[in-house]
Amino acid sequence: MTMERKSSKKIFLEQIELLYGNAMVPILVSVLVGGLFCWSLKDATPLKTLLIWYALLFVVSVARISLIILFRKRRVGYGNSRLWYNYFLIGTYAAAAVWGVTSFLLYPEQSQQNQTVFFLILTGLAAGAIASLCPSLPAVLGYLSLVLLPLPIKMMLLGGSEAMFVGLLVLLFWAIVIVGSMKINSNIRENIELRLQSIEREKSLRANKERYRHIFSSAPLGIFQYNIQSVINDCNDAFVSIIGPSREKLVGLNMLESLKDQGMLSGIKDSLTRGEGYFEGDYSA
């Protein structure tokens, strides 16, 4: 697996985690709004029709909640990620279709007040879905289209200038939320990619530090570290055995104040002022 493909897989897994992690509350809100929606239409729509529709919404919502619970209990890897993603899309599209069909079955043609409530509920559901579904472009685009597009079609079937105007407004709202969803999706993918890159850099840095520490500790040559004040921060065992004093005496030693050998001092000063210094020869304390 190439690095680019592996990165795409990781981004895809992060997107699935976000979808399932953000879905529970919107589903519960949808069930609650569905109940209020049916109550608002109780005088304009046959009760049997409302009960059948709400029962369908409830069944779909329970199935989606069950899927979320199963997802949280099982670890998703590269092998089954696509399956879990497809399950989520199916549940999302099913819920959207249940809401979309209301434009044909439950639209209150005779009540202006109920029509206003109807528009507010559908547009509110569409706007609320953006936050939870934007990690997946197919999910958010499919949901918005299934919920909103049946309404302009219904307006066209009704005819009349007022209905056509409302239909055009809904189409405009659909286009705006689609464009906004695409931008948010792009930002989410970029943020996930940046976070994954940061994690990889931290892992690489940690590995490099471990390799350096291994080389530093096991090298047969004497190695020591010092800061810009010329104070020794650390040294390996070989350096201790070469110099003679214990590690405790060497670590914390200010070389510019303690060393007497001018050759060594010159090399240290050059390293501090110019970024590089050089000394070769026997050291005499």
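**Helix packing and buried residues in a predicted model**

Helices H3 and H6 cross in a right-handed sense. The model is predicted, and the description below starts from this pair. H3 covers residues 81-100 and H6 covers residues 137-148; their axes lie 8 Å apart and form an angle of about 15°. An angle under 35 degrees counts as roughly parallel, so H3 runs roughly parallel to H6.

On the H3 side, the contact is made by Tyr85, Leu89, Thr92, Tyr93, Ala96, Ala97, Trp99 and Gly100. H6 contributes Pro138, Ala139, Gly142, Tyr143, Leu146 and Val147. Sorted by class, this contact holds eleven nonpolar and three polar residues, and no charged ones.

Helix H8 spans residues 161-218, and H7 packs against H8 at an angle of about 165°, with 8 Å between the axes. Angles over 145 degrees count as roughly antiparallel, and therefore H7 is roughly antiparallel to H8. The crossing here is left-handed. From H7, the residues in contact are Leu151, Pro152, Met155, Met156 and Leu158. They meet Ala163, Met164, Val166, Gly167, Val170 and Leu171 of H8. The H7 and H8 contact comprises ten nonpolar residues, one polar residue and no charged residues.

Met155 sits in H7, which runs from residue 150 to 158. With a relative accessibility of 1%, Met155 counts as buried, because the cut-off for buried is under 20%. Leaving aside residues up to four places away in sequence, Met155 touches Tyr107, Phe119, Ala163, Met164, Val166 and Gly167. Val166 is eleven residues from Met155 along the chain, and their C-alpha atoms are 7.2 Å apart.

Next comes a loop residue, Ser230. Most residues other than glycine have a negative phi. Ser230 is not a glycine, yet its phi is positive, at about 70°. Ser230 lies in the loop that joins strand S1 (224-226) to strand S2 (232-235). Its relative accessibility is 0%, so Ser230 counts as buried.

The cysteines are the last topic. Cys134 is buried, at a relative accessible area of 1%. Cys235 also counts as buried, with 1% relative accessibility. A search for disulfides across the whole structure returns zero.

Notes. Residues numbered from 1 in each chain as written. Predicted model: local features only at pLDDT ≥ 70, side-chain atom pairs only at ≥ 80, totals over all residues. Heavy atoms only, no water. Axes fitted to C-alpha atoms, helices over the stretch in contact; angles between N-to-C directions. Helix = DSSP H or I, 4+ residues; strand = E, 2+ residues; numbered from the N terminus. Parallel < 35°, antiparallel > 145°, perpendicular 65-115°, else oblique. Left-handed = near helix turned anticlockwise from the far one by under 90°. Contact = heavy atoms within 4.5 Å. Nonpolar A, V, L, I, M, F, W, Y, C, P; charged D, E, K, R; others polar. Disulfide = S-S within 2.5 Å. Buried < 20%, exposed > 50% of the residue type's maximum accessible area, 1.4 Å probe, protein only.
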